Amino acid sequence: MAFEDLLGDPVIQKYLHELVGPTGMPVAAAPPDGEVTDEELAEDMGLELNDVRRALFILYENDLASYRRVRDEDSGWLTYLWTFHYENIPENLDEEMHRLLEGLEKRRSYESDHQFYLCEIDSIRFEFEEAMEFGFECPECGSPLESMENSRLVEAMEWRIDQLRDELNVDRDEAEAEA
């Protein structure tokens, strides 16, 4: 996928926005060709140098940018020359979706394997063991704890898990074997 196509994709724009936030988005959304210094980016974009550096280091931590250091022989100062690697975005998104799938599967198991009680006044949820310790009374307000039905939540998680498995081309047996 070409650089311009990647940046035009709303999913990728949202991914970059989630990474660098609104102040770093100008840096992430307009990567220059070749190497560039953080000072050049800040000046060209009219941004604060710290905002540019923060965005660059976040991109670096996510394998979307790299740098090389060059020492000025006269002053001894280090200059960082940055290069963008947005070809790694699809792989990063795939890994992110796998982490989401794994997290949802763990949460679904937790929700399925436990019985919950709810304080309807304070909207605090307790596992059965906790509710029993409190005598099925809310420790905050003293109101009785009501048994909570979470089957709709589990069904919604199962639906989303199935969607993610389809998108990632992971079948149920394979996913359960990895768990």
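**Close-up 1. Aromatic pairs in the predicted model, with Phe57 and Tyr67 as the example.** The model is a predicted one, and twelve aromatic pairs are counted in it. One of them joins Phe57 and Tyr67 in an edge-to-face arrangement, with the ring centres 6.5 Å apart and 65 degrees between the planes. Phe57 belongs to helix α4 (residues 49–61) and Tyr67 to strand β2, so the pair ties together parts that are ten residues apart in sequence.

Close-up 2. Strand β2 (residues 65–71) runs antiparallel to strand β3 (residues 78–84), and seven bridges join the two. Tyr67, the residue that pairs with Phe57, has Trp82 in β3 as its bridge partner. For Arg68, the bridge partner in β3 is Leu81. Six residues lie between the two strands of the hairpin, and in the turn Gly76 has a positive phi of about 85 degrees.

Close-up 3. Three strands in the order β5-β4-β6 make up an open sheet, and their pairing is antiparallel. β5 (124–127) and β6 (146–148) are the edge strands, each pairing on one side only. With direction ignored, neighbouring strands of this sheet are turned by 40 degrees against each other on average. Between strand β4 (residues 116–119) and β6 there are three bridges, in the antiparallel sense; here Leu118 stands opposite Glu146 in β6. Helix α5 packs on the sheet and touches β4 and β5, its direction making about 75 degrees with that of β5.

**Close-up 4. Packing of helices α5 and α7.** Helix α5 (residues 89–113) packs against helix α7 (residues 151–168) at an angle of about 155 degrees, and the axes are 10 Å apart. Angles over 145 degrees count as roughly antiparallel, and α5 and α7 are therefore roughly antiparallel to each other. Their crossing is left-handed. On the α5 side the contact includes Met97, Leu101, Leu104, Arg108 and Glu111, and on the α7 side Leu153, Met157, Ile161, Leu164 and Arg165 are among the residues met. The residues of this contact divide into ten nonpolar, two polar and nine charged.

Terms used
Residues numbered from 1 in each chain as written. Predicted model: local features only at pLDDT ≥ 70, side-chain atom pairs only at ≥ 80, totals over all residues. Heavy atoms only, no water. Pairing = 2+ DSSP bridges. Helix = DSSP H or I, 4+ residues; strand = E, 2+ residues; numbered from the N terminus. Axes fitted to C-alpha atoms, helices over the stretch in contact; angles between N-to-C directions. Parallel < 35°, antiparallel > 145°, perpendicular 65-115°, else oblique. Left-handed = near helix turned anticlockwise from the far one by under 90°. Contact = heavy atoms within 4.5 Å. Nonpolar A, V, L, I, M, F, W, Y, C, P; charged D, E, K, R; others polar. Phe/Tyr/Trp six-rings, centres within 6.5 Å; stacked < 30°, edge-to-face > 60°.
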